[in-house]
Each structure stands twice: as structure tokens, then as C-alpha cells.
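Here are a few notes to read alongside the model.

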Amino acid sequence: MKKRKVEVAVISDVHLGTYGCHADELLAYLNSIDPKTLVLNGDIIDIWQFNKRYFPPSHLRVVKKIIGMAAKGTKVNYITGNHDEMLRKLDGTSLNNIQISNKVVLNLDGKKAWIFHGDIFDVSIQNAKWLAKLGSKGYDLLILLNRVVNWVLQKLGKGKYSLSKKIKASVKGAVKYINNFEKTATDLAIENHYDYVICGHIHQPKKELYENRHGKTLYLNSGDWVENLTALEYSFKRWKIYHYDHDKLLPFYVDDDVKHMDMDELVASISEQSARENEPIPSSEKMKADLGD
């Protein structure tokens, strides 16, 4: 089936390496598009919760797919988030059409898009990281419980139900946090004359025009691939929120060359591409050790 051509695709909060990650669905989405630029807006690999005993083949296939897209000409911007913050020391590093950054500004048809993960606005992460990590583990357990609940609902012929969305909607503090997050991001974007401000982090897909007495900006959030299974797409001078669950054409078949793969094969694939540019690549043991720290 022919792939959709997209100027820019933005995904965030994939959380590879956790039980809540919908890697197969994400792979199907990536197989369905042919973007000029792919922005990975933070928390792609969940290093906070990374466990060597849990990184299934489907998660490795997502990594291989992204590397393959870069090799075929897609420009990949990997923007660091709080769950993959160890990559922040690599800000400005390039490898095989993949650029690692802490933030990115894209010029799109004469307008400027300011893209960053958004955890910089999260006081709990800045001042009490241990508490944020504890909350992250609790969220992961909630997602597992939700999967069981939805399995039962499916057997009963009922629709899906989101426990975490229900909790967020009913807790005033959570609603206030999201509103403050969006206001802070948009106020800064307007102050710095950005036409678009694009975030992730809060797992709330959204597209909304914000205005204040100094100007206006379009706020966009790519959501996540844990609950919402959403992305942002820019084509024909317009942004839209993509919803996997609304796409009647999916799922696409997984590429044959990434059906079976382990960590050593993944490292070998990266090394083969990197050798063309004479850039050193760490061994698979080194990569496993780094991710396990």
C-alpha cells in the first residue's frame, strides 16, 4: 500500500522498554508514512525504567525502523526528554541523518516552530526527581491494570476505558497543572515570536490557538504511544493530530527486514551505516551496559 507523504511528523512519549508502550501500533504507523522530517520529541526510550530483562523484539523493531527511515533520507530530530535525559549530554551530535538536540526550531513555509519536550516546566522533576520516578512506576502499573480492564471490557463487547484519563480529569491538581503547562509554553512562544510551540511530556494531544495582549501562537502536543496513540503531522501548511485508533487503513504489515532481530543485530545494523561515514560505534556490550545503568 502506498505510503502517505508528510512534510513533518512528530511523535513523543513512546516509552520503549516499558510494559505500557504500544510498539507494534507505532511501527504500523511509521510504516504508513514517508516524512521528510521525523521529530522524536522526548521520552522515546524510557531509561528511567529500563530493564535488560524487558526490551522485547517489537521495541527493537521500532528503533530499527527509525534508523532505516534516516538511512533512506528522512531527517530525524531526536529531542531529549526527562526519561531519556542521559542523552542530553549528546546535544548537537549527528549520526547518519539523526540529530540529537534538547530543542529544535523548524522553519515551515515562512513560520517558526519551536519544539521541545516540556519537562523543563515540571517542578517535580526539577526539584524532586526521585518522586517523579516513583510516580512514573506507579503510572506504568496503572497502565498494566488498565490493559486487563480493557481486555475484560472487550470480551463483554464494550468500549475501552482509560483509568489514568479518568483520574487526571477528576483531580483538580492535575487539571490545573496541564493548564499551567500550556499557558507557560504559549506565553514564552509568543514572547519569542514563534508561530507554533510543540511539546510532549503531559500525554495530552492537543491543537489550540492561544492569544494574549502580545500576540498569538498555535499550541500543539503530540500526545503519546502509551494511551492515546497519537502524532502530529504537518502538510500543505497545516497541522493535524493523527489518531491511530481512527485510522481505518491500519495496521500495515511489519517490514520483512525487521521481523526478527536482537540487540546485537541492531548494533550491527547501526555500525554498518556508520562505517560509511567513518564514525566509531560502541560495542553491543557497551550499549547494553549504558542502557542498564
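1. A word on terms: buried means under 20% relative accessible area, exposed over 50%, and partly exposed in between (1.4 Å probe, protein chains only). Helices (H or I, at least four residues) and strands (E, at least two) are DSSP runs, numbered from the N terminus.

2. On provenance, this is a predicted model, where local features need pLDDT of at least 70, side-chain atom pairs count only at pLDDT 80 or more, and totals for chains, interfaces and linings use all residues. Residues are numbered from 1 along each chain as its sequence is written, and side-chain values use heavy atoms, leaving out hydrogens and water.

3. Have a look at α1 (23–32). Eight of its 10 residues are buried: Ala 23, Leu 26, Leu 27, Ala 28, Tyr 29, Leu 30, Asn 31 and Ser 32. These buried residues pack (contact: heavy atoms within 4.5 Å) against β1, β2, α2, β11 (230–235) and β12 (238–243).

4. Next, the nonpolar cores, meaning sets of buried Ala, Val, Leu, Ile, Met, Phe, Trp, Tyr and Cys residues joined through side-chain atoms within 4.5 Å. The largest has 36 residues, and Leu 16, Tyr 29 and Trp 225 have the most contacts inside it. Elements that each supply at least two residues include β1 (4–11), β2 (33–41) and α2 (57–71); α2 gives the most, with seven. A second, separate core of 16 residues includes Ile 79, Val 104, Leu 108 and Leu 218.

5. Finally, the cysteines. There are zero disulfides (pairs of cysteine sulfur atoms within 2.5 Å) in the structure. Cys 21 is buried at 5% relative accessible area, and Cys 199 is buried at 0%.
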